[in-house]
Amino acid sequence: MTTVLQRTAPPTAARGWWAKTVAAARYEYLMQVRRPAVWVVVLALIGLRCTSPFPNFDDSTTELSKLVADWAGNFIMLCPIGVGAVLADRVGRESRLHLDDLLASTPTGIGPRLWGKAIGAGAATITPVAVAWAGLLGYLTNQRGAGVIPVGIEVFAAVLLPGLVFIAACSVTVPCLTGPVLYRIGLFGYWFWGNMLGPRFGIPTPAGTPFEANGEYPTGAWFHGALFDARQRGIVPTDGEAVLSIAFLLLVAIAALVTTQFVLTRRSPS
């Protein structure tokens with residue numbers, strides 16, 4: 001921790017909001033990416049899903065975009081739970097270490113600390129997903145040729161990243177109100193209810209709509225990947241619905257951060 005602090009340039013009152021946020025994000029990234037739990041939990045959930053026999057996964061297709069998109073569906077089925085679980089304690093960490101007064105006395109401010117935490121810790125927690133995805137692309141490139149790489153980058157950006165950013169933002173902000181334990185329980189329930197329990201169960205759910213977080217709409221609209229809950233609703237996603245799905249996740253992430261910054265500022269005695 002001392003090494004990280006020494007390498008991170010201390011923000012000063014003379015620096016702007018963005019510079020303070022970048023400094024906070026760099027510190028949070030270096031702290032979070034070194035936690036063994038981040039790598040163990042996220043990679044274990046990816047491995048658990050990718051080695052599971054259900055649902056059946058057909059990798060014999062000759063269409064690269066469908067093959068890569070279906071792999072992305074495997075990646076995102078469980079790993080967001082791990083991303084959220086290991087991020088949930090980041091907000092309460094300063095309180096546990098009795099650092100609130102010390103941090104409040106610095107010129108960084110609540111906003112840069114919150115946004116820096118979300119950007120830095122969120123990016124660090126998504127790093128194991130990116131590393132596993134790069135490994136998969138290397139394997140598929142060996143099997144199917146270099147054409148896999150650009151498709152893989154597009155699928156990561158359109159299918160995996162929006163949902164992970166959404167979960168990361170919620171996992172840094174919502175525990176401010178609920179605490180990390182209750183949030184983790186709620187996250188587990190939300191992910192299965194909102195992304196896996198399709199309309200066949202007769203329960204009102206966003207699964208199969210543009211408001212789910214598992215990237216099914218970009219998968220179906222742009223990469224011809226497998227559809228599950230959307231198909232049960234009789235929907236073949238369009239380009240506009242895929243854009244709506246991504247925009248919804250990113251706007252909710254921004255709204256969660258803006259709202260939390262407002263609440264923390266109101267709570268601050270200064």
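**Figure 1. The overall fold of the predicted model, read from the N terminus on, runs α-α-α-α-α-α-α-α-α-α-α-α-α.** In this predicted model, the secondary structure comes to 13 helices and zero strands. Of the 270 residues in the protein, 46% are buried, and the accessible surface comes to about 13,000 Å², of which carbon and sulfur atoms contribute 69%.

**Figure 2. Phe188 and Phe192 form a tilted aromatic pair.** The structure holds seven aromatic pairs, and in this one the ring centres of Phe188 and Phe192 are 4.8 Å apart, with 50° between the planes. Both residues belong to helix H10, which covers residues 180-195, and because they are four residues apart there, about one helical turn separates them. Phe188 has a relative accessible area of 48% and is partly exposed, while Phe192, with a relative accessibility of 28%, also counts as partly exposed.

**Figure 3. Tyr190 and Trp191 form an edge-to-face pair.** The ring centres of Tyr190 and Trp191 lie 6.3 Å apart and their planes meet at 70°, so the pair counts as edge-to-face, a class that requires planes over 60 degrees apart. Tyr190 is partly exposed, at 22% relative accessibility, whereas Trp191, at 0% relative accessibility, is buried.

**Figure 4. Ring pairs link four aromatic residues into a cluster.** The members of this cluster are Phe166, Tyr190, Trp191 and Trp193, and they include the partly exposed Tyr190 as well as the buried Trp191.

Conventions. Residues numbered from 1 in each chain as written. Predicted model: local features only at pLDDT ≥ 70, side-chain atom pairs only at ≥ 80, totals over all residues. Heavy atoms only, no water. Phe/Tyr/Trp six-rings, centres within 6.5 Å; stacked < 30°, edge-to-face > 60°. Helix = DSSP H or I, 4+ residues; strand = E, 2+ residues; numbered from the N terminus. Buried < 20%, exposed > 50% of the residue type's maximum accessible area, 1.4 Å probe, protein only. Areas by Shrake-Rupley, 256 points an atom, 1.4 Å probe, with all protein chains shown as cover.
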